[in-house]
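The following note is for a colleague who is opening this entry for the first time. Please keep the sequence and the model in view while reading the points below.

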Amino acid sequence: MASSSSFLVLALFALISWQAIASDPSPLQDFCVADKNSPVIVNGFVCKNPMDVNADDFFKAANLDKPRMTNKVGSNVTLINVMQIPGINTLGISLARIDYAPLGQNPPHMHPRATEILTVLEGTLYVGFVTSNPENRFLSKVLNKGDVFVFPMGLIHFQFNPNPYKPAVAIAALSSQNPGAITIANAVFGSKPPISDDVLAKAFQVEKNTIDWLQAQFWENNHN
């Protein structure tokens, strides 16, 4: 009985410990500017010598006030993460400007390593996310200029500009120095090499020629 109780305590401690580290690692010093030239492979980047750090390590002339060209799905995501600003390393944040053409969308996608909080700077957006199995509950909202919406980590979500005449702009903050993005259509139908059409036809309950047609499309990336 005692050993069983000890096992439960250890299991609980392991679970709590795992949850405590299930995000970007916290900094143990004022900063850890990424040394992208280091041959050492770690989870993130090795720290640059603090004596070699300067203000430019925390800066980027990103021109986020300037509009971007959108692609065929009608959006453009300009991400500022640790790859653009090495001082972000270990700080657990990143930023994105998202431009939407009239009737454009940031198609259904998810961030495997980050929660996202988004605010509309210009225009109107219809946004939403879907909860995990088995409920798959769809939560959506129409956002106007100045409104804020949160997309929980790892959940499929999207933004759509319903205005056929005017573009929209949003700024999003994400809780990781490298949030990652998996666009659902691109991943499923544009993988390299392709997923078997037998597998996808069974999964989506459609004919294989429908899958073959979808896999033949050019699945454009809207993240820059």
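1. Phe58 is partly exposed, with a relative accessible area of 39%, where buried means under 20%, exposed over 50% and partly exposed in between, using a 1.4 Å probe and protein chains only. Phe31 is also partly exposed, at a relative accessible area of 29%.

2. Before going further, please note that this is a predicted model, in which local features need pLDDT of at least 70 and side-chain atom pairs count only at pLDDT 80 or more, while totals for chains, interfaces and linings use all residues. Residues are numbered from 1 along each chain as its sequence is written, and side-chain values use heavy atoms, with hydrogens and water left out.

3. The structure holds seven aromatic pairs; rings of Phe, Tyr and Trp (for Trp, the six-membered ring) pair if their centres lie within 6.5 Å, and planes under 30 degrees apart count as stacked, over 60 as edge-to-face and the rest as tilted. One of them is edge-to-face, because the rings of Phe31 and Phe58 have centres 5.5 Å apart and planes at 75 degrees. Both residues lie in the loop between α1 (2–20) and β1 (75–80), so the pair ties together parts that are 27 residues apart in sequence.

4. The rings of Phe189 and Trp219, by comparison, have their centres 6.0 Å apart and their planes at 25 degrees, so this pair is stacked. Phe189 belongs to helix α2 (residues 184–189) and Trp219 to the segment after α4 (208–215), and the pair thus links distant parts of the chain, 30 residues apart. Phe189 is buried, with a relative accessible area of 12%, whereas Trp219 is partly exposed at 27%. A further group of rings, Tyr126, Phe138 and Phe158, forms one aromatic cluster.

5. The secondary structure comes to four helices and ten strands, helices (H or I, at least four residues) and strands (E, at least two) being DSSP runs numbered from the N terminus. Strand β3 (residues 105–110) pairs in the antiparallel sense with strand β8 (residues 156–160) over three bridges, two strands being paired if DSSP finds at least two bridges between them. Within this pairing, Gln105 stands opposite Phe160. β3 also pairs in the antiparallel sense with strand β10 (residues 182–183), over two bridges, and there Met110 has Ile182 as its bridge partner.

6. For the protein as a whole, buried residues make up 33% of the 224 residues.
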